[in-house]
Amino acid sequence: METVSSYLAEPSRPKGEHGPRQPILPEPPVYPPVGRSDDKALAVQVRSVLEADGRLAEHARLGVQVEDGVVHLTGTVEREFQRTLATALAQSVPGVLSVQNAIIASET
């Protein structure tokens, strides 16, 4: 059996060499992240997706704000399923990191 030593081996390993010990640092994030839309453009995209879906009532008043890729939805809808639907539609837009849903379902 042949033993292979590595310069990266820890010194406690038998016949391992004490190679260079340099800390491994994470690469710093790029701001704004590459490929991410700016918040204003993202808000327009989310709003257009919500308005294009016929399952949301026409008289539903929904507010859309985006901050650092997080979508904040406000307003009122008629039914609870529309509230859940608004979250799902907003999450489907590329660039959305998460959705905070503060929409109120009136259930009249």
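## Terms and basis

A polar contact is a pair of N or O atoms within 3.5 Å; within protein, one atom must be able to donate a hydrogen and the other to accept it, and residues adjacent in sequence count only if both atoms are side-chain atoms. Helices (H or I, at least four residues) and strands (E, at least two) are DSSP runs, numbered from the N terminus.

The model is predicted: local features need pLDDT of at least 70, side-chain atom pairs count only at pLDDT 80 or more, and totals for chains, interfaces and linings use all residues. Residues are numbered from 1 along each chain as its sequence is written, and side-chain values use heavy atoms, with hydrogens and water left out.

## Helix 1

At the start of helix 1, the backbone nitrogen of Lys-40 has a side-chain oxygen of Asp-38 within 3.2 Å. Leu-42, Ala-43, Val-46 and Leu-50 are the buried residues of helix 1 (buried means under 20% relative accessible area, exposed over 50%, partly exposed in between, with a 1.4 Å probe and protein chains only). Because these residues cover an arc of only 100° around the axis, they lie on the same side of helix 1 (the arc is that of the directions from the helix axis to the C-beta atoms). Lys-40, Val-44, Glu-51 and Ala-52 are exposed on the other side.

## Strands

Strand 1 (residues 61-67) and strand 2 (residues 70-77) run antiparallel and are joined by seven bridges; two strands pair if DSSP finds at least two bridges between them. Val-64 stands opposite Leu-73 in strand 2.

Strand 2 runs parallel to strand 3 (residues 98-105), with eight bridges between them. Here His-72 stands opposite Gln-100 in strand 3.
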